[in-house]
Amino acid sequence: MANLMECITDFNCLETVAKLAPIVTALIALSAAFIALLAIWVHMIVARRRAAIDFFLKTEIDKTAIDLYKTFKAKAPSITTIPDPLLDVERRNAYEDIRAFLNICELIAVGIKKRAFSRSVSKAYWGDVIPKSYRDAKQLIDDIRRTPEEGSRYTYIDLEKLAKKWAKKDAKATG
């Protein structure tokens with residue numbers, strides 16, 4: 001306490017403290033900036049997880065999405081080419097449902113690629129569905145890509161990349 005009183009009354013000591021003040025201020029500001037960036041980063045991760053969970057929850061309780069999935073599972077392996085809408089209306093309707101389900105899968109893949117969805121939550125929930133869906137519809141996807149009226153060479157490209165990536169990781173994990 002005596003040293004503190006001496007420092008307060010000694011102008012040399014006050015000058016030293018005054019010289020250190022900008023450095024201490026800068027360190028405090030840098031620490032605050034680091035804490036703010038850390039908080040933003042954590043918030044971003046939580047937001048991605050929440051977005052993925054919200055999307056998956058909505059697809060699970062949406063009757064249309066459930067019906068699309070059921071149609072996809074039942075019909076995708078057998079529909080390998082684009083059906084003619086005039087010749088086979090039933091197959092064309094199933095094709096449209098398959099495309100709608102593939103669009104959902106592509107949306108998930110794009111959401112993961114663009115970092116709107118959490119990769120870990122998405123893989124935990126759809127990790128088996130995405131690769132299997134791509135495999136089941138691969139011939140149809142190839143036909144869609146070859147048919148300019150239906151798609152292009154980029155149709156379902158993000159779905160393909162994600163399905164192959166997840167299938168490869170799963171093969172390494174089990175093999």
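This is a predicted model: local features need pLDDT of at least 70, side-chain atom pairs count only at pLDDT 80 or more; totals for chains, interfaces and linings use all residues.
The largest nonpolar core of the model contains 34 residues. Within this core, the residues with the most contacts are Leu102, Ile108, Trp126, Ile130 and Leu159. Two or more residues are contributed by each of the elements α2 (11-61), α3 (63-75), α4, α5, α6 and α7. Helix α4 supplies the largest share, namely ten residues. In soluble globular proteins, nonpolar side chains tend to be buried together.

The packing of α4 against α5 was examined next. Two packed helices are described by the angle between their axes and the distance between the axes. The axes of α4 and α5 come within 9 Å and cross at roughly 150°. Because angles over 145 degrees count as roughly antiparallel, α4 and α5 are therefore assigned to that class. Their crossing is left-handed. On the α4 side, the contact is formed by Phe101, Ile104, Cys105, Ile108 and Ile112, and on the α5 side by Arg119, Ser122 and Trp126. Classified by residue type, this contact comprises six nonpolar residues, one polar residue and one charged residue.

Two isoleucines of this contact, Ile108 and Ile112, were considered individually. When neighbours within four places in sequence are left aside, isoleucine 108 is in contact with Phe55, Phe56, Phe117, Trp126 and Ile130. Isoleucine 112 also belongs to helix α4. Its relative accessibility is 2%, so isoleucine 112 counts as buried, the cut-off being under 20%. With neighbours within four places in sequence again set aside, the contacts of isoleucine 112 are Phe117, Arg119, Ser122, Leu162 and Trp166. Isoleucine 112 and serine 122 lie ten residues apart in sequence, and their C-alpha atoms are 7.7 Å apart in space.

Backbone angles were then considered in the loops. Most residues other than glycine have a negative phi. Arginine 115, by contrast, has a positive phi near 65°. This arginine is placed in the loop between α4 (89-113) and α5 (119-126). A positive phi, near 60°, is also found at tyrosine 156, which is located in the loop between α6 (129-146) and α7 (157-174). Tyrosine 156 has a relative accessibility of 3% and therefore counts as buried.

Terms used
Residues are numbered from 1 along each chain as its sequence is written. Side-chain values use heavy atoms; hydrogens and water are left out. Helices (H or I, at least four residues) and strands (E, at least two) are DSSP runs, numbered from the N terminus. Buried means under 20% relative accessible area, exposed over 50%, partly exposed in between (1.4 Å probe, protein chains only). A nonpolar core is a set of buried Ala, Val, Leu, Ile, Met, Phe, Trp, Tyr and Cys residues joined through side-chain atoms within 4.5 Å. Contact means heavy atoms within 4.5 Å. Axes are lines fitted to C-alpha atoms, for helices over the stretch in contact, and angles run from 0 to 180 degrees between N-to-C directions. Angles under 35 degrees count as roughly parallel, over 145 as roughly antiparallel, 65 to 115 as roughly perpendicular and the rest as oblique. A crossing is left-handed if the near helix is turned anticlockwise from the far one by less than a right angle, and right-handed if clockwise. Ala, Val, Leu, Ile, Met, Phe, Trp, Tyr, Cys and Pro count as nonpolar, Asp, Glu, Lys and Arg as charged, and the others, Gly among them, as polar.
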